[in-house]
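Here is a friendly walk through a few spots in a predicted model. Have the sequence and the coordinates open as you read.

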Amino acid sequence: MTENIDYIGELLWPGEVGHYLIITAFVAALVSAIAYVLSNSDRDNHDSWKKIGRYSFYVHGVTIIAAIVILFSLMLNHRYEYNYVWAHVSDDLPFKYMFSAFWEDQEGSFLLWTFWQVIISVVFIKVSSRWEASTMWIMALIQVFLSSMVLGLVIGDLQIGSSPFNLLREENASDVFATANYLELIQGRGLNPLLQNYWMVIHPPTLFLGFALTSIPFAISGGAIATRQYTKWVNPALKWGLWAAGILGVGILMGGAWAYEALSFGGYWAWDPVENSSLVPWLILVAAIHTNVIAKSVRRSYKMTYGMYALAFIMVLYSTFLTRSGLTAESSAHAFTSSGMEAQLLAFILFFIGLGLWIFYTRGKFIPSSKEDEPFWSREFWMYLGSFVLILSTILITFTTSIPVFNKIIDFFGSIAGQDLSSWHRTTPLDPIAHYNRYQLWIAVLIGLMAGTAQFLRYREKNYKKRFRKIGRDLLISLAISIPLAWIGLKWVGGQGLGYVLLIFAATYGFMTNIVYLFSGFKPNAKKLGSVVSHAGFAIMIWGVMASGLQKTYISTNPFVMRELVQDETMANQNILLYKDIPMRMSNYEALYYKDTLVRNERLYSIRFTEIDQKGNRVDSFELSPSSVYANDFSEVVSFNPSTDRRIEKDIFTSISALPPEVMNVSEAQKREKELPYEEYDIPIGDTIYLRDQVAVLKGVNFDSYHQDYTPEDSDIAVSADVLLINPESNFTFLAKPTMVIKDHRFVVHYPAKSNKNRAKVRLGEGFVNFLYPKDEDLDYHKLILEKGQTVSFDPYTITLSGLEKEITHPEYEAEEGDIAVQAILQVHNKSGILVDVLEPVFVIRQNQPNFIRDFKPRSGLAANFIKIDPGTGKMEFMIGERTQDASDRFPIRIAEDVSRSDFIVLEAIVFPGINLFWLGSSLMMAGFFISIYLRRRRKRA
Amino acid sequence: MKKIHIAAIGILLVALALIFTASQDFSTYASFKDAAATTSQVKIVGELAKDKEIYYDPAEDPNYFSFHVIDKDGVTRKVVMNRAKPQDFEMSEQIVVTGKLQGEEFMASDILLKCPSKYKDEEIYLRAETEE
């Protein structure tokens with residue numbers, strides 16, 4: 001069995017160290033949590049417990065970071081004995097994608113998340129030291145659960161966590177592990193080509209930093225309440241809550257930008273379960289920030305703020321559960337597959353739900369809450385409503401996203417009752433985008449209407465009639481500007497129905513009220529800036545969503561070319577066929593695909609677009625290069641990356657939707673090659689073949705230049721033919737260079753040459769094998785006796801024995817024990833003294849018997865056998881063979897005609913008008929959080 | 001009861017009402033038989049009939065793609081999509097098609113494939129290349 005093998009070259013200690021580091025990190029987090037809890041309950045020894053807690057936490061942090069460093073260096077050094085390294089790294093993976101490879105899978109992304117929690121906690125201890133003891137016990141508990149996910153401990157049947165340091169041979173069964181030096185035989189599987197993208201380098205860390213930050217307002221508020229500090233936490237919680245919402249929001253936007261820019265989804269947001277599950281915590285955080293501001297200003301809603309912060313964190317855990325349990329694999333394009341850690345994830349969620357509720361029920365009655373009702377026209381009341389609307393939005397999103405979970409729960413009850421309840425199962429909506437948009441539209445309308453109006457209201461408003469006299473003018477101005485502006489907007493985006501009318505009005509009104517509010521009171525008020533920027537940003541974003549969504553048009557249509565049998569017109573005209581070098585009209589553009597270039601594993605298709613106005617004038621031109629991405633072994637195309645022409649008012653988005661089958665897949669190409677109707681012509685150099693539509697001339701056979709796809713290697717024997725294809729009608733000529741290669745003196749590889757314009761394919765006949773590697777009976781042998789350094793004439797060449805070599809490089813030689821082997825170096829020069837070939841025959845004495853390994857070189861057409869060494873005289877005997885005359889004057893050339901073209905692409909091109917309003921608005925929305933953080937800090941200092 | 005509580009309950013009621021109306025989007029999977037009985041869109045889950053023709057010839061028409069699906073009752077029908085053929089189509093274990101029946105053919109507007117993950121359960125690559 002494999003256990004008994006002493007494997008060669010394995011480096012095992014870093015994995016063991018890494019594994020123990022993680023165990024230490026887990027224990028240290030547990031110790032830290034207990035010590036911090038004791039520092040809160042044992043007031044006499046408060047400081048010493050706190051110190052123990054803090055230092056244990058530092059131990060935890062250092063060990064986690066050390067484990068990350070070890071894993072990362074294993075990846076950098078391509079230590080494929082480790083499963084995680086093998087599964088995500090390959091020899092050719094560039095350094096910048098090492099990071100992507102690190103967090104591509106469960107273990108690495110858990111480590112990344114744990115890392116951010118450590119960094120945030122350390123910063124928190126430094127800047128908010130007053131809250132250290134009350135907060136850090138919860139943070140340490142989170143670390144206990146997070147580090148348990150990478151623990152990799154097996155206790156009986158129970159497995160806790162999955163270690164990133166597991167060995168390849170422990171995780172996989174393969175015959176290759178029967179050999180001790182298996183490491184020399186294997187290759188890393190490499191990073192999924194879809195993830196070889198710079199967004200994959202920056203998006204996950206930002207998102208996980210956002211996730212990690214979401215835990216801290218919960219830990220601050222929950223910890224403070226648990227330690228009977230019922231109100232003061234609102235200040236640090238708000239500060240950290242703003243950070244969390246800002247960073248998480250940026251992380252989500254990066255995901256949208258990635259989807260839009262690099263994946264061929266054809267949009268920035270698809271309401272995918274994975275996208276939704278990061279959006280939901282963000283929405284709850286935003287709601288919590290609103291109630292937190294109320295709590296700070298009017299000393300109420302402490303409970304609600306705590307509840308929302310707790311919910312935001314729990315939804316982060318729930319989202320982790322959804323995306324990592326494999327439950328959403330059916331409805332999501334980019335969820336992880338099942339990890340086998342569902343139970344552990346579920347325990348993680350349930351523990352913190354339990355903790356959150358426990359804090360609430362044991363301490364809730366002590367949290368001050370205002371007895372009196374808030375006035376209807378007070379700022380706080382409308383901010384409450386705003387938060388509730390956000391919560392409503394999250395309820396609707398979560399419900400639909402959770403359908404697979406409901407199905408699982410139904411199955412669970414079914415298994416208890418012993419009944420098949422699968423008829424109760426429901427599917428996710430047929431058209432998820434329409435489904436979510438239909439309901440979220442009304443949320444956006446409500447937010448648009450409230451986002452500006454509520455800004456004008458005052459806290460604890462008693463005399464709203466007087467207030468309205470004051471602000472009425474501002475609101476009326478906003479309304480007066482909004483109505484015509486919204487009308488113009490409606491003309492532009494072209495929405496139909498009440499919903500869209502209200503939405504564009506609400507967005508416009510929300511924008512105007514915020515702008516007017518900023519400048520009301522005669523001077524712009526910096527204090528208002530953060531909130532105004534965020535709310536106005538939201539309104540701009542809605543404009544962008546409507547414009548780019550409703551006015552999204554496919555321009556890759558050509559009604560004259562499309563077949564008539566298409567029944568559904570909306571779908572029919574999405575793709576257009578572009579042949580290389582043939583300009584094609586699509587909508588009001590002319591598209592010309594003229595070049596393709598291979599960059600690493602991506603093939604870029606250069607397309608020139610020329611915009612044509614109604615009179616037929618060329619008004620504008622630009623270039624785009626959508627691409628196809630190959631699998632790491634180049635066996636097939638695995639995805640298409642879009643390319644977008646970005647302008648201020650619109651984007652022109654292009655993506656390839658299909659390529660010829662033989663380009664998509666190597667095995668398909670081989671199948672088609674076999675089916676081609678090749679005809680073989682046996683002709684001498686200079687002869688012409690008369691084909692149906694054209695003629696072909698065999699210009700020559702050569703050993704110097706080959707087919708473009710072939711890169712020569714040392715032990716190759718290769719030949720190519722120069723076949724000139726001439727089309728007498730168009731006068732189009734093409735020099736085909738079909739090539740044949742014998743690799744390692746063992747297999748034959750063909751490189752047929754194709755001319756798409758001639759619709760012909762040229763290939764060397766199998767007879768070329770004999771030309772490259774002739775049988776002995778086709779050679780005339782002559783004996784030659786040489787001393788070292790001696791040169792003799794061998795018409796039309798001269799042959800020199802320039803040396804002998806103990807190191808055998810001949811590909812046909814396989815060393816055996818007891819062999820005595822010598823390789824001769826025979827230089828072949830032509831009459832002008834130019835080196836033509838080097839023949840390296842091998843003489844072997846194996847078990848007292850002489851053996852010869854022939855060397856043949858096709859350029860000179862000479863073969864050499866090394867048959868005798870006379871130790872006394874130092875003379876060596878060779879048999880030199882030359883081709884018999886008639887073997888070299890005719891060549892088998894195979895040509896197939898009427899070959900279908902494979903130089904086309906199927907292109908999808910979409911115009912997204914106003915999409916920059918989306919990016920501008922959403923970025924402003926996030927910028928608002930950071931402006932608020934900055935202004936609050938400055939105010940505090942002043 | 002405070003106004004804020006009324007508002008909260010109001011929001012919850014709205015949420016329930018919306019979920020209730022939204023639930024018509026959460027369909028059950030239909031069969032071709034169900035599709036024949038209705039003129040509205042249905043969602044059919046099934047398997048690709050691997051022995052029947054999968055037709056996509058982009059050089060002929062880049063917007064025409066047809067294949068055969070066996071639904072959960074074992075009925076096989078031709079499915080037509082006016083779109084390019086999706087990646088890894090042949091590898092799919094399960095297919096969900098959305099659309100309606102038109103005559104004998106099922107016109108699909110959307111398709112969802114459940115494929116075995118390409119980057120899991122894969123053979124270990126050996127360093128030696130395999131050539132023709």
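A:S319 sits in helix α12 (residues 302-324) of chain A, where helices are DSSP runs of H or I with at least four residues, numbered from the N terminus. At 3% relative accessibility A:S319 counts as buried; buried means under 20% relative accessible area, exposed over 50% and partly exposed in between, with a 1.4 Å probe and protein chains only. Leaving aside residues up to four places away in sequence, A:S319 touches A:F211 and A:S277, a contact being heavy atoms within 4.5 Å.

A word on conventions: this is a predicted model, in which local features need pLDDT of at least 70 and side-chain atom pairs count only at pLDDT 80 or more, while totals for chains, interfaces and linings use all residues. Residues are numbered from 1 along each chain as its sequence is written, chains are lettered from A and ligands numbered from 1 in the order in which they are written, and side-chain values use heavy atoms, with hydrogens and water left out.

Now to chain B. B:I4 belongs to helix α1 (residues 3-22) of chain B. Which residues does B:I4 touch, not counting those up to four places away in sequence? They are A:D373, A:E374, A:F381, A:Y384 and A:F388.

| Residue | Helix | Relative accessibility |
|---|---|---|
| A:S319 | α12 (residues 302-324) of chain A | 3% |
| B:I4 | α1 (residues 3-22) of chain B | 6% |

Back in chain A, helix α17 (residues 464-493) spans only 38 Å between its end C-alpha atoms, whereas a straight helix of 30 residues would span 44 Å at 1.5 Å a residue; the expected span is 1.5 Å times one less than the number of residues. A kink of about 45° in α17(A) is centred on A:I471, the bend being the angle between axes fitted to the seven residues ending there and the seven starting there. A:I471 is also among the buried residues of α17(A), which include A:R467, A:D474 and A:L490. Their cover includes α16 (432-456), α18 (498-519) and α19 (529-550) of chain A. Just after α17(A), A:G494 has a positive phi of about 65°.

Finally, an open sheet of 4 strands in chain A runs in the order β22-β31-β30-β29, with antiparallel pairing. Strands are DSSP runs of E with at least two residues, and two strands pair if DSSP finds at least two bridges between them. At the edges are β22 (779-786) and β29 (855-857) of chain A, each pairing on one side only.
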